[in-house]
Amino acid sequence: MAAKAGDNPESLMTLATVFCLRNLRKTMCYQGFRNKLCLRSDIFLPSEICDKLVNTYMELVHTDSNFEPEESFFQLFSDPRSTRLTRVQLREDFVRDRDLEAIRKQDLIELHLTYCNSLSSRSLKTLTCFRETLVSLCLFGCSHIFYRKGGAPLACNEDTEDEEEESPASRQALETDFNFQGFNRLRLLNLGGLPDEVDAETLLKPLKSLHSLDLSNVQLLGTAFLTQWKDRLASLVLYNVDLSEELVSTVVELVNLRHLDISRESRRTSKFKMTRKILTAVVQRLVNLVSLDISGHIMLDNCTVPHFEEAMGRPRWVTGSKNEDQVLNAIEAYTEFRPELAHRAINQLFDIARIQHCSQLLRALQLVIAALKCHKYDKSIQVTGSAALFYLTNTEYRSDQSVRLRRQVIQVVLNGMEQYQEVTVQRNCCLTLCNFSIPEELEFQYSRVNQLLLKILEPARQDESIQRIAVHLCNALVCQVDNHHKEAVGKMGFVKTMLNLIQKKLQDRMCDQVMEFSWSALWNITDETPDNCQMFLNCRGMSLFLECLQEFPDKQELHRNMLGLLGNVAEVKALRPQLLTPQFITVFSNLLDSKADGIEVSYNACGVLSHIMFDGPEVWSMEEPRRDTVMDKMWDAIQSWDVSSRRNINYRSFEPILRLLPQSISPVSQHWATWALYNLVSVYPSKYCPLLIKEGGISLLEKVLELDSSQPETKDMAR
């Protein structure tokens, strides 16, 4: 059988790394002074393992809400005698000055800092500690790193108060004392987003051996300084840099360039016009180019270059919007540093998946997942990404996807729901979850998904479509799951949330899908779960039941769901006295005559009364209605049902029914239980015969035949 998309298992290295990070105190570490995490003295970890630990730790922090960050994690790597770091990738505000200082003694070869806006000029001082070994450095989007905190001078003081760490660097106190003097091994440098106040030329002048330079979104005062690398520079990225003839003249002198990117996000913001003369100069002078990005520029009508393809060679890796290949290439190329372009490309992928057919499903899903992980805080990526996932996981593509891949989709969808309370993201995420088998495929995140859905349903005035989808998901999640799952969800406030929704719908005098799904969810969550039945009663559940009956007398589906739920409550002996009031007994008795939903409402009402009757005449303290009168009505109702009726009900266990069989306290309850079993095993033999045998039903039916109190009709069915 062909492997499904994304079916490759995780490597043992990855599994072991994640396990260690989730269990640091049980594996590599111990609790030191003041609860500080310390590395065990008998441990030495090589760079392959340390790099993996740090980089996986960062991914877990940003993508797994169940993962608890460790305050002193980076301190574990402070001593190069026991740990070795060489290639580290850190991102976003989570990273602090003290984290970088903790690893300052390591001989880092690569250090990638992306959008680390909590870093101040203290971290520039730390960078100098790596100057003799660093080959690749990225400071993309770390705009605050060139500013001091509170105007303090550039310093690297281990005793700095932690409180100072918490606030971002002051944008007024520019650090002017730093440059790259002594970074003699540095070959790759990314300064994308360098603040306008920082002079790039002064900063970069000491670097003699650069091979790759990224100055995306940087304002260049002069351009001649770029020629200091004309014999070395192989890659130059000037995305969103204002082009001029002077800059182009400088660029075409960099004759060893293999990759040149002078693209823009938008044509609207550019005064520069791409002419035939300029494009010809680029192609003819830069003879070693293998890739050129000029997207986003205003191209004049005559801007074509003769023999362009021959000059550049056949395009091997084109980004764009013409076809699926180009769109996926664009997502891959732009996700990390150009979310605005990745957003557009994901939008185009959404259209391909929705209108046409996505032929590279695995690659498409992996790229969208990566984009959603990378830009957890970017609303536009979250909106388009979650919409694309909805179409990429639907029925058309489902059979080609592995369990592991679908779990990755669920994880990023839940991340989006967690981060954004915004309507579009919430709707897209909820709809995507509907593409999965529930509860089976969501069980590995069971508590988390329930908590998120209940949070969505908290506001009194939620968007109607989101409310409907969320309640549908809640209902599906508590159907056919173990009781411990139901108990856990009940403790989260599930019962109260559903009753609040019902209360709101009653106030609006509206019986819609939300109302019906809410009662259905309560029916499911109270099944053989006494604690949840108790919560239902404690939260005014019976009052809402009566109000719904009165307000919506003709809503058959609603009546079935409500009576099914009350059947669960009636199965709990300790709760039955709360149902034994003249008002409730009269209502249940009247519902015996109901023809709603075939026999279901009448059947469930009779089930509630059967459990109450089973407690015997001594608990029946009311004068009206009389116990005998109600029992007669129950007999009449059961006699009127067609025993071959197909049922709109699903039993996981017969135990509550079986306990009504071998008894003489209430023959009508025994008759109802026997009828229920007879109907189910005769209409659905393959499903219910094994269940009846498994739960010891045969011997109990034999006892019905032995009892003198059993009625002839009951014995006939039992036989």
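Which residues does Asn 561 touch, not counting residues up to four places away in sequence? In this predicted model, the contacts of Asn 561 are Glu 516, Trp 519, Ser 520 and Trp 523. Asn 561 itself lies in helix 24, which covers residues 556-570. Its relative accessibility is 2%, so Asn 561 counts as buried; the cut-off for buried is under 20%.

The protein chain as a whole is considered next. It holds 32 helices and 12 strands. Its radius of gyration is 35 Å, whereas the globule rule gives 27 Å for 719 residues. The chain is therefore more spread out than a compact globule. The C-alpha trace spans about 105 × 65 × 50 Å along its principal axes. Of the 719 residues in the protein chain, 55% are buried. Contacts between residues at least 6 apart in sequence were also examined. Of these, 70% join residues at least 24 apart.

Two helix pairs were then examined. Two packed helices are described by the angle between their axes and by the distance between the axes.

Helix 15 runs over residues 403-419, and helix 16 over residues 423-433. They pack at an angle of about 155°, and their axes are 9 Å apart. Angles over 145 degrees count as roughly antiparallel, so helix 15 and helix 16 are roughly antiparallel to each other. Helix 15 passes helix 16 in a left-handed crossing. On the helix 15 side, the contact involves Val 409, Val 413, Leu 414, Gly 416 and Met 417. Helix 16 contributes Val 425, Gln 426, Cys 429, Cys 430, Thr 432 and Leu 433. By class, the contact of helix 15 with helix 16 has eight nonpolar and three polar residues, and no charged ones.

The other pair is helix 10 with helix 12. Helix 10 comprises residues 324-334, and helix 12 comprises residues 361-374. The angle between them is about 30°, with axes 10 Å apart. Angles under 35 degrees count as roughly parallel, so helix 10 and helix 12 are roughly parallel to each other. The crossing of helix 10 and helix 12 is left-handed. Helix 10 brings Asp 325, Leu 328, Asn 329, Ile 331 and Glu 332 to the contact. Helix 12 supplies Arg 363, Ala 364 and Leu 367. The residues of the contact of helix 10 with helix 12 divide into four nonpolar, one polar and three charged.

Definitions and conventions:
Residues numbered from 1 in each chain as written. Predicted model: local features only at pLDDT ≥ 70, side-chain atom pairs only at ≥ 80, totals over all residues. Heavy atoms only, no water. Axes fitted to C-alpha atoms, helices over the stretch in contact; angles between N-to-C directions. Helix = DSSP H or I, 4+ residues; strand = E, 2+ residues; numbered from the N terminus. Parallel < 35°, antiparallel > 145°, perpendicular 65-115°, else oblique. Left-handed = near helix turned anticlockwise from the far one by under 90°. Contact = heavy atoms within 4.5 Å. Nonpolar A, V, L, I, M, F, W, Y, C, P; charged D, E, K, R; others polar. Rg over C-alpha atoms; globule rule 2.2 N^0.38 Å. Buried < 20%, exposed > 50% of the residue type's maximum accessible area, 1.4 Å probe, protein only.
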